[in-house]
Amino acid sequence: MSLLYENETIRIETEKSEIPWLKIFTKDPYREMSEVPAEIKFEIYTLLDIIEKEMITYYQPEKINIASFGNYLPHVHWHIMARFKEDSFFPEPMWGTKQRESALDLPSFESFCQTLLKKIEE
């Protein structure tokens with residue numbers, strides 16, 4: 001994981017994976033979304049929307065997966081993943097059973113992150 005973006009309430013990290021995968025964390029350690037103040041919830045949903053739209057435009061995936069579990073890490077966070085029929089796990093979740101070996105040939109994740117940062121900072 002590496003830090004992509006941070007402000008006083010949230011941070012966005014990249015997840016090392018064969019697919020484009022980002023995570024949004026609250027800086028304060030809320031256990032449940034119901035504990036998160038309304039203005040931070042709005043910020044999270046705004047970021048989820050921006051990331052999803054940019055992933056669709058840039059990668060043209062089969063599907064975007066957005067998940068919030070927090071069973072192992074009881075700290076509010078969201079996973080945003082671009083999914084492809086050819087990825088190793090599709091149609092299973094990335095935590096599911098591997099379906100095949102994959103050799104995805106995707107556009108640069110680093111370029112995507114730079115483009116995304118510009119959108120977030122607008």
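Ala, Val, Leu, Ile, Met, Phe, Trp, Tyr, Cys and Pro count as nonpolar, Asp, Glu, Lys and Arg as charged, and the others, Gly among them, as polar. The model is predicted, with local features needing pLDDT of at least 70 and side-chain atom pairs counting only at pLDDT 80 or more, while totals for chains, interfaces and linings use all residues. Residues are numbered from 1 along each chain as its sequence is written, and side-chain values use heavy atoms, leaving out hydrogens and water.

Helix H1 spans residues 38–59; helices (H or I, at least four residues) and strands (E, at least two) are DSSP runs, numbered from the N terminus. From first C-alpha to last, the 22 residues of H1 reach 31 Å, close to the 32 Å expected at 1.5 Å a residue, where the expected span is 1.5 Å times one less than the number of residues. Just after H1, glutamine 60 has a positive phi of about 50°.

Which residues of H1 are buried? They are Ile40, Ile44, Leu47, Leu48, Ile51, Glu54, Met55 and Tyr59. These residues lie on the same side of H1 because they cover an arc of only 145° around the axis, taken from the directions from the helix axis to the C-beta atoms. On the other side of H1, Ala38, Glu39, Phe42 and Thr57 are exposed. Buried means under 20% relative accessible area, exposed over 50%, and partly exposed in between (1.4 Å probe, protein chains only). The cover over the buried residues of H1 includes strands E2 (10–14), E3 (21–26), E4 (63–67) and E5 (77–83), as well as helix H2 (109–120).

The next topic is pockets. On a 1 Å grid over the protein atoms alone, a pocket is an open set of points with protein on both sides within 12 Å along at least five of seven lines, and lining residues have an atom within 4 Å of a point. The largest pocket holds about 260 Å³ of space. E3 gives the most to its lining, with three residues. By class, the lining of the largest pocket has six nonpolar, four polar and two charged residues.

The second largest pocket has a volume of about 170 Å³. Among the residues that line the second largest pocket are Thr14, Tyr59 and Phe109. Its lining divides into six nonpolar, two polar and four charged residues.

Finally, serine 88 is found in the loop between E5 and H2. Serine 88 is buried, with a relative accessible area of 3%.

Key
Contact = heavy atoms within 4.5 Å. 1 Å grid on protein atoms, 1.4 Å probe; cavity = no way out; pocket = protein on both sides within 12 Å on 5 of 7 lines; lining within 4 Å. Points joined across faces, edges and corners; volume = space filled by probe spheres on them.
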